[in-house]
Amino acid sequence: MASLRGQQVIRAGDMEKMSLEQLKVLKEQADIEVNLLQDSLNNIRTASARLEIASTALHDLSLRPQGKKMLVPLTASLYLPGTLDDADKVLVDIGTGYFVEKSMAEGKDYCERKINLLKSNLDQLIVVASKKKTLADEAGVVLQARLKQLSPSN
Amino acid sequence: MSSSSTALRELQRDLENKANDLSKLQKDIAKNHQVRKKYTIQLGENELVLKELDLLNEDANVYKLIGPVLVKQDLAEANANVRKRIEYISAESKRLDASLQDLEEKKYSKREAELMGRMK
């Protein structure tokens with residue numbers, strides 16, 4: 001993903017050379033980035049959960065025989081009785097307003113693929129996020145040490 | 001002396017103008033980032049859709065949601081539409097990149113000019 005600002009590779013040694021102001025700015029920046037990354041992580045987890053629910057629902061649907069009586073939701077509080085017609089064809093939302101008709105097996109496969117994709121994204125993001133968090137923590141430690149140095153009357 | 005105070009006032013005004021220009025540039029850069037982010041997200045989504053469409057058989061049914069209506073679409077047409085959209089977004093992104101570069105350069109040169117003005 002394109003970085004918003006030119007990212008500098010900060011090594012622990014560099015922090016010793018920075019002034020107090022620079023350290024503060026660094027820590028704040030790192031904190032903001034950690035929060036952003038945490039939000040992204042949460043978003044991925046939510047999306048993942050939704051996909052799992054969809055997958056379970058699909059699986060459940062495949063177990064139902066044709067002609068089975070069911071209640072169809074029209075609104076959040078209005079259901080109509082109906083019969084299950086064809087449980088083998090499912091419409092899959094693939095994004096940007098496109099829907100594809102797939103067979104039940106393909107639908108399940110789609111859910112699995114998406115869940116795996118999200119899982120790998122989640123893992124990658126966790127790696128980046130923990131690195132950023134370590135950086136933020138280090139910056140915090142050095143900042144505190146520097147502050148203590150500057151106010152020895154404490 | 002009055003001449004030096006007017007010169008001072010002029011300098012101050014000049015500095016203010018430069019500071020305003022700088023903040024406007026910052027705002028433009030921030031907006032650029034926002035639009036860029038939106039485009040990146042849309043591009044990603046469209047590429048996902050394209051991948052799914054590629055996996056389909058020739059005879060699979062594709063529908064597009066237009067308002068409250070699901071309209072049956074031809075697979076070839078859907079492919080073409082998504083590809084065109086991806087091209088458009090990529091072109092817009094490149095244009096934004098170029099203008100971002102431009103804005104950043106202007107910002108740096110203005111900042112330098114402002115610092116010089118302050119030092120005087």
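How many salt bridges are there between chain A and chain B? The count is three. The legends below take a closer look at this predicted model.

**View 1. Chain A meets chain B.** Here 16 residues of chain A are in contact with 20 residues of chain B. The area buried between the two chains is about 1,700 Å², and carbon and sulfur atoms give 60% of it. On the chain A side, look for A:T96, A:Y98 and A:F99, which lose the most area to chain B and together make up 36% of what that side buries.

**View 2. Polar links and the chain A side of the interface.** Across the interface of chain A and chain B, five residue pairs are in polar contact, counting pairs with both residues at pLDDT 80 or more. On the side of chain A that touches chain B, the elements giving two or more residues are β3, β4 and α3 of chain A. Of these, β4(A) gives the most, with five residues. By residue type, this side of chain A divides into nine nonpolar, three polar and four charged residues.

View 3. You will find B:E52 in helix α1 of chain B. Is B:E52 buried or exposed? With a relative accessible area of 5%, B:E52 is buried, because that value is under 20%. B:E52 forms a salt bridge with A:K114, and the closest N and O atoms are 3.7 Å apart. The side chain of B:E52 also makes a polar contact with the side chain of A:R113, at 2.8 Å. Leaving out residues up to four places away in sequence, B:E52 touches A:I94, A:K102, A:Y110, A:R113 and A:K114.

**View 4. The largest nonpolar core draws on both chains.** This core has 23 residues, and those touching the most other members are A:I94, A:Y98, B:V49, B:L53, B:L56, B:V62 and B:V82. Two or more residues each come from β3 (89-95), β4 (98-103) and α3 (104-150) of chain A, and from α1 (2-55) and α2 (75-119) of chain B. The largest share, six residues, comes from α2(B). In soluble globular proteins, nonpolar side chains tend to be buried together.

View 5. Setting aside neighbours within four places in sequence, B:L53 is in contact with A:I94 and A:V100 from chain A, and with B:V62, B:L75, B:A78, B:N79 and B:V82 from chain B.

Technical notes
Residues are numbered from 1 along each chain as its sequence is written. Chains are lettered from A and ligands numbered from 1 in the order in which they are written. This is a predicted model: local features need pLDDT of at least 70, side-chain atom pairs count only at pLDDT 80 or more; totals for chains, interfaces and linings use all residues. Side-chain values use heavy atoms; hydrogens and water are left out. A nonpolar core is a set of buried Ala, Val, Leu, Ile, Met, Phe, Trp, Tyr and Cys residues joined through side-chain atoms within 4.5 Å. Buried means under 20% relative accessible area, exposed over 50%, partly exposed in between (1.4 Å probe, protein chains only). Helices (H or I, at least four residues) and strands (E, at least two) are DSSP runs, numbered from the N terminus. Contact means heavy atoms within 4.5 Å. Buried area is the accessible area (1.4 Å probe) that two parts lose on being put together, summed over both. A salt bridge is a side-chain nitrogen of Lys or Arg within 4 Å of a carboxyl oxygen of Asp or Glu. A polar contact is a pair of N or O atoms within 3.5 Å; within protein, one must be able to donate a hydrogen and the other to accept it, and residues adjacent in sequence count only if both atoms are side-chain atoms. Ala, Val, Leu, Ile, Met, Phe, Trp, Tyr, Cys and Pro count as nonpolar, Asp, Glu, Lys and Arg as charged, and the others, Gly among them, as polar.
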